[in-house]
Amino acid sequence: MTSDDDLVLDDPVGRSLGGRHAHLARRLGRAATYLTDVATFASVSTQPDAADWADLAELLGPGAFADMFNCPAAPPPSWEPVFNLEGRQMIWSGGGHPDGPGAQSGADLVELGPDIVPDMLDLVARTEPGPFWPRTHELGTYLGIRVDGTLVAMAGERLRPPGWTEISAVCTAPEARGRGYAGHLVSALAAHIVARGDRPFLHVAETNTSAIALYERLGFKSRRQVTFRGFRTP
Ligand SMILES: CC(C)(COP(=O)(O)OP(=O)(O)OC[C@H]1O[C@@H](n2cnc3c(N)ncnc32)[C@H](O)[C@@H]1OP(=O)(O)O)[C@@H](O)C(=O)NCCC(=O)NCCS
(Lines give C-alpha, C1' and ligand atoms only; values in the text may rest on other atoms or scores of the structure.)
Protein backbone atom coordinates (compact mmCIF):
# COMPACT_ATOMS: atom_id res chain seq x y z
CA MET A 1 0.00 0.00 0.00
CA THR A 2 1.31 3.43 -0.94
CA SER A 3 -0.02 6.88 -0.08
CA ASP A 4 -1.42 6.94 -3.65
CA ASP A 5 -3.43 3.81 -2.83
CA ASP A 6 -4.84 5.58 0.25
CA LEU A 7 -5.93 8.58 -1.86
CA VAL A 8 -7.54 6.29 -4.44
CA LEU A 9 -9.27 4.01 -1.93
CA ASP A 10 -10.62 6.96 0.05
CA ASP A 11 -12.33 8.35 -3.08
CA PRO A 12 -13.28 5.28 -5.14
CA VAL A 13 -16.34 6.87 -6.77
CA GLY A 14 -14.61 10.08 -7.84
CA ARG A 15 -11.52 8.25 -9.07
CA SER A 16 -13.65 5.80 -11.09
CA LEU A 17 -15.85 8.48 -12.63
CA GLY A 18 -12.76 10.52 -13.53
CA GLY A 19 -10.93 7.54 -15.03
CA ARG A 20 -12.00 4.13 -16.26
CA HIS A 21 -15.72 4.93 -15.91
CA ALA A 22 -15.51 8.36 -17.57
CA HIS A 23 -17.60 7.00 -20.48
CA LEU A 24 -20.41 6.26 -17.98
CA ALA A 25 -20.23 9.65 -16.21
CA ARG A 26 -22.14 12.93 -16.28
CA ARG A 27 -20.09 15.89 -15.05
CA LEU A 28 -20.43 19.54 -14.13
CA GLY A 29 -17.30 21.29 -12.86
CA ARG A 30 -15.76 19.01 -10.23
CA ALA A 31 -19.09 17.23 -9.57
CA ALA A 32 -19.89 13.93 -11.28
CA THR A 33 -22.39 11.09 -11.19
CA TYR A 34 -23.08 7.92 -13.15
CA LEU A 35 -25.51 7.72 -16.05
CA THR A 36 -29.10 6.83 -15.14
CA ASP A 37 -29.59 3.10 -14.48
CA VAL A 38 -25.82 2.46 -14.22
CA ALA A 39 -25.42 3.69 -10.62
CA THR A 40 -26.67 6.51 -8.41
CA PHE A 41 -23.25 7.24 -6.87
CA ALA A 42 -22.11 10.84 -7.06
CA SER A 43 -18.90 12.63 -6.17
CA VAL A 44 -17.58 16.09 -5.53
CA SER A 45 -13.99 17.14 -4.97
CA THR A 46 -12.36 15.50 -1.92
CA GLN A 47 -12.37 18.95 -0.29
CA PRO A 48 -15.58 20.38 -1.74
CA ASP A 49 -16.50 24.04 -1.49
CA ALA A 50 -19.95 25.62 -1.89
CA ALA A 51 -19.55 25.83 -5.68
CA ASP A 52 -18.89 22.07 -5.91
CA TRP A 53 -22.08 21.27 -3.98
CA ALA A 54 -24.01 23.76 -6.14
CA ASP A 55 -22.67 22.04 -9.27
CA LEU A 56 -23.74 18.63 -7.97
CA ALA A 57 -27.21 19.97 -7.10
CA GLU A 58 -27.54 21.35 -10.63
CA LEU A 59 -26.27 18.11 -12.17
CA LEU A 60 -28.73 15.95 -10.21
CA GLY A 61 -31.68 18.35 -10.28
CA PRO A 62 -33.92 19.62 -7.46
CA GLY A 63 -35.21 17.14 -4.85
CA ALA A 64 -32.99 14.41 -6.32
CA PHE A 65 -31.27 11.55 -4.52
CA ALA A 66 -27.57 12.25 -3.96
CA ASP A 67 -25.87 8.95 -3.15
CA MET A 68 -22.52 10.15 -1.80
CA PHE A 69 -21.18 6.63 -1.10
CA ASN A 70 -18.31 6.99 1.45
CA CYS A 71 -17.67 10.74 0.95
CA PRO A 72 -16.89 12.12 4.43
CA ALA A 73 -17.59 15.77 3.53
CA ALA A 74 -20.90 17.23 4.71
CA PRO A 75 -23.12 18.95 2.12
CA PRO A 76 -24.80 22.28 2.96
CA PRO A 77 -27.54 22.12 5.64
CA SER A 78 -30.26 22.50 2.97
CA TRP A 79 -29.44 18.96 1.76
CA GLU A 80 -31.77 16.57 3.60
CA PRO A 81 -30.14 13.37 4.97
CA VAL A 82 -31.75 10.22 3.50
CA PHE A 83 -29.61 7.41 4.93
CA ASN A 84 -26.52 6.76 6.97
CA LEU A 85 -25.03 3.24 7.00
CA GLU A 86 -21.91 2.09 8.83
CA GLY A 87 -19.68 -0.25 6.86
CA ARG A 88 -16.14 -1.23 6.16
CA GLN A 89 -13.83 -1.29 3.18
CA MET A 90 -11.85 -4.51 2.74
CA ILE A 91 -8.87 -5.06 0.44
CA TRP A 92 -7.51 -8.29 -1.03
CA SER A 93 -4.28 -9.10 0.75
CA GLY A 94 -3.41 -12.45 -0.79
CA GLY A 95 -0.76 -11.10 -3.09
CA GLY A 96 -1.37 -13.82 -5.67
CA HIS A 97 -4.16 -15.85 -7.17
CA PRO A 98 -6.93 -16.35 -4.65
CA ASP A 99 -7.52 -20.09 -4.70
CA GLY A 100 -7.50 -20.93 -1.02
CA PRO A 101 -10.09 -22.90 0.97
CA GLY A 102 -13.69 -22.24 -0.02
CA ALA A 103 -12.66 -20.93 -3.43
CA GLN A 104 -14.20 -23.80 -5.43
CA SER A 105 -17.79 -25.06 -5.33
CA GLY A 106 -17.67 -27.39 -8.33
CA ALA A 107 -20.31 -25.27 -10.08
CA ASP A 108 -19.87 -23.83 -13.57
CA LEU A 109 -19.50 -20.05 -13.66
CA VAL A 110 -21.13 -18.14 -16.53
CA GLU A 111 -20.52 -14.56 -17.61
CA LEU A 112 -23.70 -12.48 -17.28
CA GLY A 113 -24.54 -10.04 -20.08
CA PRO A 114 -27.37 -7.65 -20.92
CA ASP A 115 -29.80 -10.47 -21.80
CA ILE A 116 -29.61 -11.74 -18.19
CA VAL A 117 -30.54 -8.40 -16.57
CA PRO A 118 -34.09 -9.47 -15.57
CA ASP A 119 -32.67 -12.56 -13.79
CA MET A 120 -30.02 -10.42 -12.07
CA LEU A 121 -32.60 -7.89 -10.89
CA ASP A 122 -34.82 -10.70 -9.63
CA LEU A 123 -31.94 -12.27 -7.64
CA VAL A 124 -30.99 -8.86 -6.21
CA ALA A 125 -34.61 -8.24 -5.15
CA ARG A 126 -34.61 -11.59 -3.32
CA THR A 127 -31.22 -11.18 -1.60
CA GLU A 128 -30.59 -7.42 -1.20
CA PRO A 129 -26.77 -7.38 -1.59
CA GLY A 130 -26.74 -3.59 -2.03
CA PRO A 131 -27.61 -1.16 -4.79
CA PHE A 132 -27.91 -2.63 -8.28
CA TRP A 133 -29.54 -1.10 -11.37
CA PRO A 134 -30.44 -2.32 -14.89
CA ARG A 135 -27.13 -1.10 -16.40
CA THR A 136 -24.82 -1.81 -13.43
CA HIS A 137 -23.38 -4.82 -15.30
CA GLU A 138 -21.76 -2.34 -17.74
CA LEU A 139 -19.32 -1.34 -14.97
CA GLY A 140 -17.34 -4.58 -15.27
CA THR A 141 -17.48 -8.37 -15.48
CA TYR A 142 -20.42 -10.12 -13.79
CA LEU A 143 -20.34 -13.87 -13.14
CA GLY A 144 -23.18 -16.14 -12.09
CA ILE A 145 -24.14 -19.71 -11.24
CA ARG A 146 -27.27 -21.36 -12.65
CA VAL A 147 -29.00 -24.40 -11.18
CA ASP A 148 -31.57 -26.05 -13.47
CA GLY A 149 -31.54 -22.89 -15.57
CA THR A 150 -32.26 -20.52 -12.68
CA LEU A 151 -29.70 -17.89 -11.68
CA VAL A 152 -29.00 -18.65 -7.99
CA ALA A 153 -25.77 -16.73 -7.31
CA MET A 154 -23.77 -13.88 -8.80
CA ALA A 155 -21.03 -11.33 -8.15
CA GLY A 156 -19.43 -8.65 -10.28
CA GLU A 157 -17.06 -5.74 -10.67
CA ARG A 158 -18.27 -2.24 -9.81
CA LEU A 159 -16.02 0.73 -8.95
CA ARG A 160 -12.70 0.81 -10.81
CA PRO A 161 -10.38 3.50 -9.41
CA PRO A 162 -6.77 3.38 -10.67
CA GLY A 163 -5.08 0.09 -9.78
CA TRP A 164 -8.11 -1.35 -8.00
CA THR A 165 -11.41 -3.08 -8.88
CA GLU A 166 -14.31 -3.37 -6.44
CA ILE A 167 -16.19 -6.68 -6.13
CA SER A 168 -19.90 -6.09 -5.58
CA ALA A 169 -23.43 -7.54 -5.88
CA VAL A 170 -22.28 -10.72 -4.14
CA CYS A 171 -25.46 -12.72 -3.53
CA THR A 172 -26.81 -16.24 -3.36
CA ALA A 173 -30.51 -17.20 -3.35
CA PRO A 174 -31.57 -18.35 0.13
CA GLU A 175 -32.22 -21.93 -1.04
CA ALA A 176 -28.70 -22.21 -2.53
CA ARG A 177 -26.62 -20.85 0.38
CA GLY A 178 -23.84 -22.75 2.16
CA ARG A 179 -22.68 -24.56 -1.01
CA GLY A 180 -19.67 -22.34 -1.52
CA TYR A 181 -21.17 -20.42 -4.46
CA ALA A 182 -20.35 -16.92 -3.16
CA GLY A 183 -16.83 -18.01 -2.22
CA HIS A 184 -16.31 -19.48 -5.67
CA LEU A 185 -17.61 -16.36 -7.46
CA VAL A 186 -15.62 -13.89 -5.36
CA SER A 187 -12.45 -15.96 -5.77
CA ALA A 188 -12.91 -16.21 -9.54
CA LEU A 189 -13.47 -12.47 -9.82
CA ALA A 190 -10.49 -11.74 -7.58
CA ALA A 191 -8.28 -13.98 -9.76
CA HIS A 192 -9.59 -12.19 -12.87
CA ILE A 193 -8.81 -8.79 -11.31
CA VAL A 194 -5.33 -9.82 -10.14
CA ALA A 195 -4.53 -11.27 -13.59
CA ARG A 196 -5.43 -7.88 -15.10
CA GLY A 197 -2.91 -6.18 -12.80
CA ASP A 198 -5.45 -4.63 -10.40
CA ARG A 199 -6.08 -5.37 -6.73
CA PRO A 200 -9.56 -6.39 -5.52
CA PHE A 201 -11.42 -4.47 -2.81
CA LEU A 202 -14.99 -4.39 -1.60
CA HIS A 203 -17.42 -2.75 0.79
CA VAL A 204 -19.72 -4.43 3.27
CA ALA A 205 -22.21 -3.25 5.89
CA GLU A 206 -20.88 -3.55 9.43
CA THR A 207 -23.92 -5.64 10.45
CA ASN A 208 -23.30 -8.23 7.70
CA THR A 209 -21.12 -10.45 9.87
CA SER A 210 -21.54 -13.60 7.76
CA ALA A 211 -20.37 -11.81 4.60
CA ILE A 212 -17.42 -10.26 6.49
CA ALA A 213 -16.43 -13.74 7.75
CA LEU A 214 -16.64 -15.11 4.21
CA TYR A 215 -14.47 -12.31 2.79
CA GLU A 216 -11.89 -12.75 5.57
CA ARG A 217 -11.70 -16.46 4.80
CA LEU A 218 -11.06 -15.61 1.14
CA GLY A 219 -8.11 -13.33 2.00
CA PHE A 220 -9.68 -9.88 2.39
CA LYS A 221 -8.60 -7.66 5.27
CA SER A 222 -10.38 -4.61 6.69
CA ARG A 223 -8.73 -1.38 5.58
CA ARG A 224 -11.00 1.16 7.25
CA GLN A 225 -14.45 1.90 8.59
CA VAL A 226 -16.66 3.91 6.24
CA THR A 227 -20.04 5.60 6.53
CA PHE A 228 -22.27 5.42 3.46
CA ARG A 229 -24.45 8.55 3.18
CA GLY A 230 -27.31 9.64 0.98
CA PHE A 231 -29.01 13.04 0.76
CA ARG A 232 -31.80 14.78 -1.07
CA THR A 233 -30.78 17.90 -2.99
CA PRO A 234 -32.62 21.15 -2.15
C1 LIG B 1 -23.33 -13.62 2.02
C2 LIG B 1 -23.82 -14.59 0.95
C3 LIG B 1 -23.51 -14.00 -0.40
C4 LIG B 1 -23.07 -15.91 1.12
O5 LIG B 1 -23.46 -16.78 0.06
P6 LIG B 1 -23.16 -18.35 0.05
O7 LIG B 1 -23.20 -18.80 -1.35
O8 LIG B 1 -24.02 -19.03 1.02
O9 LIG B 1 -21.65 -18.35 0.59
P10 LIG B 1 -20.68 -19.61 0.70
O11 LIG B 1 -21.47 -20.86 0.60
O12 LIG B 1 -19.56 -19.42 -0.25
O13 LIG B 1 -20.12 -19.44 2.14
C14 LIG B 1 -21.06 -19.28 3.17
C15 LIG B 1 -20.90 -20.39 4.22
O16 LIG B 1 -21.11 -21.68 3.67
C17 LIG B 1 -19.99 -22.51 4.02
N18 LIG B 1 -19.76 -23.40 2.90
C19 LIG B 1 -19.00 -23.16 1.82
N20 LIG B 1 -19.00 -24.24 1.03
C21 LIG B 1 -19.80 -25.15 1.59
C22 LIG B 1 -20.22 -26.45 1.25
N23 LIG B 1 -19.79 -27.05 0.13
N24 LIG B 1 -21.09 -27.09 2.07
C25 LIG B 1 -21.52 -26.50 3.20
N26 LIG B 1 -21.14 -25.27 3.58
C27 LIG B 1 -20.30 -24.62 2.80
C28 LIG B 1 -18.89 -21.56 4.16
O29 LIG B 1 -17.87 -22.11 4.99
C30 LIG B 1 -19.58 -20.43 4.83
O31 LIG B 1 -19.74 -20.73 6.22
P32 LIG B 1 -20.17 -19.66 7.31
O33 LIG B 1 -21.58 -20.01 7.63
O34 LIG B 1 -19.25 -19.89 8.46
O35 LIG B 1 -20.06 -18.27 6.71
C36 LIG B 1 -25.34 -14.88 1.08
O37 LIG B 1 -25.65 -15.18 2.41
C38 LIG B 1 -26.22 -13.72 0.61
O39 LIG B 1 -26.63 -13.65 -0.56
N40 LIG B 1 -26.58 -12.80 1.54
C41 LIG B 1 -27.45 -11.66 1.19
C42 LIG B 1 -26.74 -10.66 0.29
C43 LIG B 1 -25.49 -10.12 0.93
O44 LIG B 1 -25.48 -9.75 2.10
N45 LIG B 1 -24.39 -10.06 0.14
C46 LIG B 1 -23.12 -9.50 0.59
C47 LIG B 1 -23.08 -8.06 0.30
S48 LIG B 1 -21.51 -7.33 0.78
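1. A residue is called buried here when its relative accessible area is under 20%, exposed when that area is over 50%, and partly exposed in between, with a 1.4 Å probe and protein chains only. Helices (H or I, at least four residues) and strands (E, at least two) are DSSP runs, numbered from the N terminus. The structure is a predicted model, in which local features need pLDDT of at least 70 and side-chain atom pairs count only at pLDDT 80 or more, while totals for chains, interfaces and linings use all residues. Residues are numbered from 1 along each chain as its sequence is written, and side-chain values use heavy atoms, with hydrogens and water left out.

2. In helix α6, which spans residues 209-217, the buried residues are Ala-211, Ile-212, Leu-214 and Tyr-215. They lie on the same side of α6 because they cover an arc of only 160 degrees around the axis, the arc being that of the directions from the helix axis to the C-beta atoms. The face turned away from this buried side carries the exposed residues Thr-209, Ser-210 and Arg-217.

3. The cover over the buried residues of α6 includes β5 (80-92), β9 (164-172), α5 (181-195), β10 (199-205) and β11 (220-232), where contact means heavy atoms within 4.5 Å. After α6 comes Gly-219, with a positive phi near 105 degrees.

4. Strand β11 also takes part in strand pairing, which requires that DSSP finds at least two bridges between two strands. β11 pairs with β5 in the antiparallel sense over 12 bridges, and Glu-86 has Thr-227 of β11 as its bridge partner. Strand β4 (residues 65-67) runs antiparallel to β11 and is joined to it by 3 bridges; here Ala-66 is partnered by Phe-231.

5. Helix α3 (residues 50-60) has Asp-52, Trp-53, Leu-56, Ala-57, Leu-59 and Leu-60 buried. Seen down the axis of α3, these buried residues fall within an arc of 165 degrees, so they line one face of the helix, whereas Ala-50 and Glu-58 are exposed on the other side. The buried residues of α3 pack against β1 (25-28), β2 (31-34), β3 (42-43) and β4. Just after α3, Gly-61 has a positive phi of about 95 degrees.

6. Around the ligand there are 18 residues, of which Val-170, Thr-172, Gly-178, Gly-180 and Asn-208 come nearest; a residue counts as near if one of its heavy atoms lies within 4 Å. A polar backbone atom of Val-170 is 2.7 Å from a nitrogen atom of the ligand, and an N or O atom in the side chain of Thr-172 is 2.7 Å from an oxygen atom of the ligand.

Terms used
Polar contact = N/O pair within 3.5 Å; in protein donor to acceptor, adjacent residues only side chain to side chain.
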